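Student: I would like to see how the words used for a protein model follow from its numbers. Could we go through them together?
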Amino acid sequence: MTRRPGCPSESDRHTQLLLEYCAGRLDESQKVLLEEHLANCLHCMEFCEKQNAVWKGLDAWDAGPVDTGFDARLMARIEARPTWRTTLRRWLGELSWKPVLPAAAVLAAYFVVVTPQPPPQQQLVAGADVQEVEQTLQDLEMLQQLKLSVK
Ligand SMILES: [Zn+2]
């Protein structure tokens with residue numbers, strides 16, 4: 001595709017100029033200048049041909065008649081839609097709880113019979129801390145006695 005120097009399609013602002021030309025919104029002096037360029041620039045000529053094809057397609061497009069009852073039918077469907085609570089209740093009602101009951105009974109029996117105990121390691125750690133504190137206090141007492149005996 002050949003572009004001539006100063007081609008309007010080189011920037012967004014000039015592309016806007018081509019779009020306005022295709023829409024027939026340019027004043028006569030701009031239109032004459034642009035048409036001189038279009039006669040020599042294949043790139044801009046193809047751009048305008050494609051843009052004109054879009055305009056012709058839009059002109060030929062028939063959107064069809066407007067359905068006046070659409071809004072009323074849509075609102076009726078929205079209002080007739082069940083709430084999330086109704087949907088949840090219906091879903092839970094259809095669900096079979098029979099397979100879940102034995103598992104729940106076993107779990108309940110486990111918590112009744114085997115009461116969870118705190119891990120024994122925590123007690124050991126707490127006991128170790130107490131022993132360290134006792135040892136440190138004994139060491140301090142021994143040092144104080146040594147200081148007293150030195151004086
Ligand atoms: Zn051009």
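Tutor: From the N terminus on, the elements of the protein chain run α-α-α-α-α-α-α, which comes to seven helices and zero strands. Helices (H or I, at least four residues) and strands (E, at least two) are DSSP runs, numbered from the N terminus. This is a predicted model, in which local features need pLDDT of at least 70 and side-chain atom pairs count only at pLDDT 80 or more, while totals for chains, interfaces and linings use all residues. Residues are numbered from 1 along each chain as its sequence is written.

Student: What makes α2 lie largely in the open?
Tutor: A residue is buried if 20 or more other C-beta atoms, placed from the backbone, lie within 10 Å of its own, exposed if 12 or fewer, and partly exposed in between. Of the 13 residues of α2, one is buried, so the helix lies largely in the open. In the protein chain, 5% of the 151 residues count as buried.

Student: Why is α1 called oblique to α3?
Tutor: Helix α1 (residues 12–22) and helix α3 (residues 42–60) pack at an angle of about 50 degrees, taken from 0 to 180 degrees between N-to-C directions of axes fitted to C-alpha atoms over the stretch in contact. Angles under 35 degrees count as roughly parallel, over 145 as roughly antiparallel, 65 to 115 as roughly perpendicular and the rest as oblique, and therefore α1 is oblique to α3.
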